[in-house]
Amino acid sequence: MKGFLGPLSRLGSIRNYSGTFKRSQLRLEGVKDVIAVASGKGGVGKSTTAVNLAVALAIKCQLKVGLLDADVYGPSVPMMMKIDRKPDITEDKKMIPIENYGVKCMSMGFLVEKDAPIVWRGPMVMSALVKMTRGVDWGNLDILVVDMPPGTGDAQLTMTQNLQLSGALIVSTPQDIALLDARRGANMFSKVGVPRT
């Protein structure tokens, strides 16, 4: 068993294994900082926390804020931010985020019908996530809050590998099983080299 787990202990910073972008290309143009709001499991208030954080930073702190709903299978931002229209497209084929409560928002929920299931395999999800970050004209932002999908799988790795995260906020409830999953999420961010404060 020790030999089997050996390669995993040598992974170090998984971010280094991302072939999509060089380290200098991880920053989004015009975006100063990117904060991920994550959880090890669903239903713990992650999206509510992400939305409240984004709106508070925009209104109370007077910052230029963006909110990316990276939960492709269960987007919550359209309902929470009271947005029910599709984004416009620039001449260079980038989506323009929809603004409400002083926050520029982008979500898969803007692009599909309200009750339509998103039945996609991994590569399609990864492609959608890259397009919702790099295919969006975010303009100049002080901070982009990313509402991450629950768990520690491919979608989460894609986001951490393709964005230079300034930090991550882990949301949990006080139950033992939720805290266990939250620790896994925190360990994932540590593994991929997200800065700790």
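Begin by selecting Leu67, Met81, Val103, Trp138, Leu144 and Val146, which touch the most other members of the 51-residue largest nonpolar core (a set of buried Ala, Val, Leu, Ile, Met, Phe, Trp, Tyr and Cys residues joined through side-chain atoms within 4.5 Å; buried means under 20% relative accessible area with a 1.4 Å probe, protein chains only). Strand 1, helix 2, strand 2, strand 4, helix 4 (122-134), strand 5, helix 5 (154-162) and helix 6 each give two or more residues to this core (helices are DSSP runs of H or I with at least four residues, strands runs of E with at least two, numbered from the N terminus).

The model is predicted: local features need pLDDT of at least 70 and side-chain atom pairs pLDDT 80 or more, whereas totals for chains, interfaces and linings use all residues. Residues are numbered from 1 along each chain as its sequence is written, and side-chain values use heavy atoms, without hydrogens and water.

Next, centre on Val103. Leaving aside residues up to four places away in sequence, Val103 touches Ala54, Val55, Ala58, Val65, Gly66, Leu67, Met81 and Ile98 (contact means heavy atoms within 4.5 Å).

Move to strand 1 (residues 31-38), which runs parallel to strand 6 and is joined to strand 6 by four bridges. Here Ile35 stands opposite Gly167.

Notes:
Pairing = 2+ DSSP bridges. Buried < 20%, exposed > 50% of the residue type's maximum accessible area, 1.4 Å probe, protein only.
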